[in-house]
Amino acid sequence: MLRVSTNRASTNGEAERPGSNDLRKVLTRALPSPHWMADSSERCAVVLFELDDWRAWLPEATAVLDATERERVQRQRRTTGREALALAYALHRLLLGIALGCDARAVPLGRDSRGCPRLADGALHTSLSHADGVAAIAVTAAGPIGVDIEAMRRASVMPEIAERVCHPVEALALRGIAAQERAAALLQLWVRKEALLKAAGIGLACEMNSFTAPLGVQPLPSGGCVGMTALHRLVGSDVWEVAVAAPPTTTIISAWLRPDGAAPVASHGRPATALALY
């Protein structure tokens, strides 16, 4: 099932100024509706951000991080990388705080031994992906979930690692198709398999070429969480490739979120509405 959502526009056409309101309130206003993050036992919310939209709130974002997150941020060699990671972590915490009805600093969010984000109380399942200045965050109470996002321009390098990505069945299916189409298909496979591995909670501990990743309902890769998942591709942008693995019974809802008065979505090469489900 699919619900299409948009982010709300500013009522006066002017951007919210940093410091005039706290980041949580700005983020809440950006949601398609006040209760969009609620009812997560039957829905999976996939939220996408262009991080530059939120850079003006960087000091406030950094303040909500815990010690472990700050340490991970500081490992980034470049300033732009540190800032992007801090924003991604903060927006993740803030969204979870909205869903749980608590302060972002009180969200019991940590990481397991494989680096997967986990809530200590198990109230919600969540996944985070960030790449090239964007972040994708998935949240649900229904069960294990995984999300991955990559820039489509990365398709050009995928043929170099095709043997690492493709199961023999997939490699056979891709044989003989045009080079550009094959590169795009390989990127789609990579993103789908990342989403599946995150939902299974095993990261890259399982080799991608050891399992297939068709769209639709299938078992989670072995070695982590067990059970069935539904693998979806979110489409609607010619810039980003996005996949989500979620419990089969959930409804996927998705939206790009931006602060009031941010530059028009089209100028960033992303859709004005939520991505469609394929």
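Start by selecting helices H1 and H4, which are roughly perpendicular to each other (angles of 65 to 115 degrees count as such). Their axes come within 10 Å and cross at roughly 70°; each axis is a line fitted to C-alpha atoms over the stretch in contact, with angles running from 0 to 180 degrees between N-to-C directions. H1 covers residues 23-30 and H4 residues 79-100; helices are DSSP runs of H or I with at least four residues, strands runs of E with at least two, numbered from the N terminus.

Now show the side chains where they touch: Leu 23, Arg 24, Leu 27 and Thr 28 of H1 meet residues of H4 including Leu 91 and Ile 98 (contact means heavy atoms within 4.5 Å).

A word on what you are viewing: this is a predicted model, where local features need pLDDT of at least 70, side-chain atom pairs count only at pLDDT 80 or more, and totals for chains, interfaces and linings use all residues. Residues are numbered from 1 along each chain as its sequence is written, and side-chain values use heavy atoms, leaving out hydrogens and water.

Next, select strand S2, residues 43-50.

Note on methods. Buried < 20%, exposed > 50% of the residue type's maximum accessible area, 1.4 Å probe, protein only. Parallel < 35°, antiparallel > 145°, perpendicular 65-115°, else oblique.
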